[in-house]
Every structure is written in structure tokens, then in C-alpha cells.
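Here's a quick briefing to read with the model open beside you.

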Amino acid sequence: MLNFKKVELSDRQQAVPFLQALPYRLYDHSFVCHYIWQETYPISYAWEEGVLYIRYSLPEETIYQMPLCAGDRLAEAVEKLRADAAEQGVDFAMIAVNAEMKAELEAALPGKLSFEESPDQADYMYEVEALRELRGKKLHGKRNFVNRFRATYEGEYEIVPLTAADGDEVLAFEEKWIAARGADEDFHREAVAIRRAFDAFEELGMTGVALRLKGEIIAFALGSRINGDTILEDFEKAMEIPGAYQTINQAFMQYCGEGYTYVNREEDMGIEGLRKAKLSYAPAYLNMRYRVTFA
């Protein structure tokens with residue numbers, strides 16, 4: 001029987017080195033995400049003999065990630081998760097399985113699993129250098145927006161790194177951003193996650209930048225490490241000022257992307273406008289995900 005426990009900040013000492021050693025570049029393997037979104041998406045860990053099991057206890061279902069372990073232990077570990085699902089009285093399913101993980105599961109349990117693509121959940125992966133430099137035809141429009149913003153507000157704007165002390169000001173900006181779009185429960189949940197990120201900023205290894213105009217924050221981006229070559233942009237927000245979004249995006253890559261090859265900018269959730277915005281930045285590739293059940 002697996003002993004699942006709610007993810008706590010103290011888990012970072014064991015979980016962070018383990019998760020950051022994974023090669024998959026998925027934001028689902030970010031301890032930061034597990035911790036800051038805990039109040040919206042309750043996540044539990046179970047450790048057993050060096051294997052990490054992850055369970056989501058959502059209102060609509062209980063669901064699992066693929067056990068994180070060596071391939072020769074994967075079949076047994078999946079069976080343990082299936083047993084846990086039976087104990088919980090729920091149907092067994094795993095999410096956040098990418099193509100590499102799919103291949104590992106197929107090798108461990110040949111012919112026993114069913115895989116369903118989840119295109120709305122695919123992670124958009126970009127080359128950090130491309131978004132930092134904004135070179136080439138595909139990104140010339142973004143570059144033009146940045147240049148116009150800088151020229152229009154020359155001497156009036158500044159880009160500054162974020163620290164734990166900026167939490168209240170960023171949350172005040174977030175409330176303005178929400179108010180400008182109408183109250184939305186999902187936005188307020190996001191504000192809770194941002195607060196948790198700032199409350200444990202240093203412990204979580206957060207990094208970020210703010211764009212100030214005449215001293216006031218008009219945009220910010222907040223991120224964290226996924227693994228050795230990939231950074232996650234957890235949040236990116238800007239007021240509807242021409243060029244603000246493009247400028248904060250480039251600033252995040254310039255200030256926070258040093259040493260990384262890729263940036264994961266998460267999924268589009270099937271929202272057409274969000275999909276167009278993410279595609280407009282010319283992703284290097286989409287990290288496709290699958291939902292996995294027993295055949």
C-alpha cells in the first residue's frame with residue numbers, strides 16, 4: 001500500500017534534485033508547480049524504495065503521473081498505482097506522459113496500455129536564444145513591438161529583477177489585471193499560486209522580472225528551473241499597452257534564461273486565442289502529452 005502525503009515545502013530537499021534530474025522537460029515535473037498550485041490541484045507524493053509516485057486528488061477525478069523510476073522497475077510501479085486506484089475506488093489513469101515516457105511504458109508493459117493524445121495539454125517549447133534575440137522573419141513582428149515600446153517610453157521604463165520583497169506589489173498588479181478582464185475564479189486561483197510562490201521565493205528558487213513604466217509595474221514574468229537545460233515560465237502578465245507583453249517576454253529570456261537551452265511556456269488548454277499567441281512565437285517543438293489507461 002502506497003503512503004501518499006500532501007506536498008509540503010519541506011519536501012523540496014528530497015524532491016527537487018530528483019525531479020530536476022529527469023530529462024522530459026515537462027512542467028508537471030516542477031516541484032514549484034506541485035507546491036504553489038497545491039490549493040487548487042491537491043497533489044500528494046509517495047516515496048517507496050527510490051520511486052516517486054504522484055497523485056492528483058481533483059474534484060472530478062483522482063489521477064496519477066507515471067511512476068518516476070528506472071525502466072526495469074516501471075511495470076511493477078505502475079501496478080502499484082493501479083492497486084492504489086482500486087483502493088480509492090476510482091478508475092486508473094495516468095496523465096503528463098510525453099513521447100519518451102510513452103516509449104518507456106510500452107517497453108515495460110507491451111500491449112497492456114492504451115494511449116490517448118492530449119493536444120490541448122502539450123507543452124510549448126522554445127529556444128531561449130531565439131526569444132532573447134528575436135531574430136529572423138518569424139519573430140520580426142515581436143521585435144518591432146519591443147522596439148516601438150522602447151522608443152515610445154525611452155527614459156520612462158525600466159526592467160528590474162523580482163525578489164521576495166516584490167510580492168505585495170506584484171499581487172496588487174495581478175488584481176488590477178484581473179479587474180480589467182472581469183472577475184474570474186481561475187484568475188483568483190492563479191493569484192493564490194503567485195502568492196505562494198512569493199512567500200517561498202528563495203526556497204523555491206524562483207526567478208523573474210518586472211517591467212515598470214513611470215515607476216509602476218505594468219508587466220511581470222516569473223519562472224523556475226525544470227531541469228539542467230530547461231526553464232519554466234510559470235507566469236507572464238502585462239497590461240494592454242502595445243509592446244508590453246513582447247517586452248516582458250524578451251526580458252525574461254534575457255534576465256532569467258542564461259544557461260538554459262529551452263523555455264517551457266506550458267499548454268494552450270484548447271483556448272484558440274492562447275494557441276495563436278503561443279504559435280506566433282515559433283515554438284521549437286510541442287512536447288505532446290498522453291493520457292494512459294489499461295487497454
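In which loop does Glu266 lie? Glu266 sits in the loop between β12 (262-264) and α11 (272-279), with helices (H or I, at least four residues) and strands (E, at least two) being DSSP runs numbered from the N terminus. Keep in mind that this is a predicted model, where local features need pLDDT of at least 70, side-chain atom pairs count only at pLDDT 80 or more, and totals for chains, interfaces and linings use all residues. Residues are numbered from 1 along each chain as its sequence is written, and side-chain values use heavy atoms, with hydrogens and water left out.

- Glu266 isn't a glycine, yet its phi is positive, at about 65 degrees.
- Glu266 counts as buried because its relative accessibility is 17%; buried means under 20% relative accessible area, exposed over 50%, and partly exposed in between (1.4 Å probe, protein chains only).
- Met269 is also placed in the loop between β12 and α11, and its phi is near 60 degrees, a positive value in a residue other than glycine.
- With 49% relative accessibility, Met269 counts as partly exposed.

- Glu233 belongs to strand β11 and, at 5% relative accessibility, counts as buried.
- Its side chain makes a polar contact of 2.9 Å with the side chain of Arg265. The term covers a pair of N or O atoms within 3.5 Å; within protein, one must be able to donate a hydrogen and the other to accept it, and residues adjacent in sequence count only if both atoms are side-chain atoms.
- Setting aside neighbours within four places in sequence, Glu233 is in contact (heavy atoms within 4.5 Å) with residues including Leu222, Phe252, Val263 and Glu266.
- Glu240 is in the loop between β11 (230-238) and α10 (244-256), and at 65% relative accessibility it counts as exposed.
- A polar contact of 2.8 Å links the side chains of Glu240 and Arg181.

**Helix pairs**

- Helices α7 (residues 167-181) and α8 (residues 185-199) have axes that come within 10 Å and cross at roughly 170 degrees. Axes are lines fitted to C-alpha atoms, for helices over the stretch in contact, and angles run from 0 to 180 degrees between N-to-C directions.
- That makes α7 roughly antiparallel to α8; angles under 35 degrees count as roughly parallel, over 145 as roughly antiparallel, 65 to 115 as roughly perpendicular and the rest as oblique.
- By class, the α7 contact with α8 has eight nonpolar, two polar and six charged residues. Here Ala, Val, Leu, Ile, Met, Phe, Trp, Tyr, Cys and Pro count as nonpolar, Asp, Glu, Lys and Arg as charged, and the others, Gly among them, as polar.
- The axes of α3 (residues 74-88) and α4 (residues 99-108) come within 9 Å and cross at roughly 95 degrees, which means α3 is roughly perpendicular to α4.
- Leu74, Ala75 and Val78 of α3 meet Glu104, Leu105 and Ala108 of α4.

**Nonpolar cores**

- A nonpolar core is a set of buried Ala, Val, Leu, Ile, Met, Phe, Trp, Tyr and Cys residues joined through side-chain atoms within 4.5 Å.
- The largest has 71 residues, and Met94 and Leu105 are among those that touch the most other members.
- Another core, of 26 residues, lies apart from it and includes Phe149, Ile248, Ala251 and Val263.
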